[in-house]
Amino acid sequence: MTQTAKSSPSSLQEWVALVQSLAKQIQGWSQSQQWKVEEGQKTIHEDMLGVYTVPELRITASGGILHLNPIALHVAGGDGRVDLEAFPTLNRVKLVRSHNQWTIMTDSNVPLRDPWNQETFVRLAADLLN
Amino acid sequence: MMRDQAYQILARVRDELETARFALSVVAQNWDRLTTSASPITARAIAIGNLRLCRDHIELTYIMRLFAAFEATLRDYWLNGVGRKTEPDLISLLTSLTGRQNMDAETLAAVNNIREWRNQVIHRDMRLQQFDFPSCARAFGLFISWLPIEW
């Protein structure tokens, strides 16, 4: 992780750790489905945090590509957001951090009331790519 | 260009639409407070009717942008991927690419339906929203998926 932080480093470090943990979790779930996972580093610039890097994933699943795309810690209505988007369908859900858990938000801004676990992820992946 | 880049270009338009929707909604909800505190220069003397019109047409506006981004990708492929210097009209371009890439008829038909509707909107200023943004993005994304990974 590289950073030129302008605000509380504990908050930034916590966010980066959360994204790393999420990426690792999704990597494991994807590999258990025999999906190829490529990990990259995304550089994010946030006004209140400066520049930092977090992992992003490109997952080759049956039916297309899933992209785990971290967006920002400071977002309206949440404590961090990571997108899970599918190509070629361009379907997407947002994983929004609130109350110490990931909430799955659809692009219609309707939350999916499913727990964030492997079963949900695999089903979601199929739905996003369909 | 990488095919993934083409997807990202479409995704960025989607993200801008979402941001614009949010901004319009916040301004509409805080209209009284914003207009009483803002100077005429900052507020541009905009009426709430202008704002509502903008909000009502925002998806259509961004579908037109999405279409332009999609067409630009196809023309980039035509020039740099196929190596052609001609500038065919869009219907010929779509048909030609469908043949070259062995695309299925369904993929072409989905894009052509949107193209015909978009022409009506542009040339006759029809505001009937026959397609929504996600269905257009999906049709364009599926068409692009037939192009090579890199060109």
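Let's start with Glu59(B), which is buried at a relative accessible area of 15% (buried means under 20%, with a 1.4 Å probe and protein chains only). This is a predicted model: local features need pLDDT of at least 70, side-chain atom pairs count only at pLDDT 80 or more, and totals for chains, interfaces and linings use all residues. Side-chain values use heavy atoms, without hydrogens and water.

Glu59(B) belongs to helix H4 of chain B, residues 48–81 (helices are DSSP runs of H or I, at least four residues, numbered from the N terminus). Beyond its neighbours within four places in sequence, Glu59(B) is in contact with Leu17(B), Arg21(B), Gln129(B), Asp132(B), Phe133(B) and Pro134(B) (contact means heavy atoms within 4.5 Å). With one of these, Arg21(B), the side chain of Glu59(B) makes a side-chain polar contact at 3.1 Å (a pair of N or O atoms within 3.5 Å, one able to donate a hydrogen and the other to accept it; residues adjacent in sequence count only if both atoms are side-chain atoms).

## Where the chains meet

Chain A and chain B each bring 14 residues to their contact. About 1200 Å² is buried between them, 49% of it from carbon and sulfur atoms (accessible area, 1.4 Å probe, lost on putting the two parts together, summed over both). Arg14(B), Glu18(B) and Arg138(B) supply 44% of the area that chain B buries against chain A, more than any other three residues.

## Charges across the interface

The rule finds five salt bridges between chain B and chain A (a side-chain nitrogen of Lys or Arg within 4 Å of a carboxyl oxygen of Asp or Glu). Arg14(B) and Glu85(A) meet in a salt bridge, 2.8 Å from N to O.

Notes
Residues numbered from 1 in each chain as written. Chains lettered and ligands numbered in written order. Helix = DSSP H or I, 4+ residues; strand = E, 2+ residues; numbered from the N terminus. Buried < 20%, exposed > 50% of the residue type's maximum accessible area, 1.4 Å probe, protein only.
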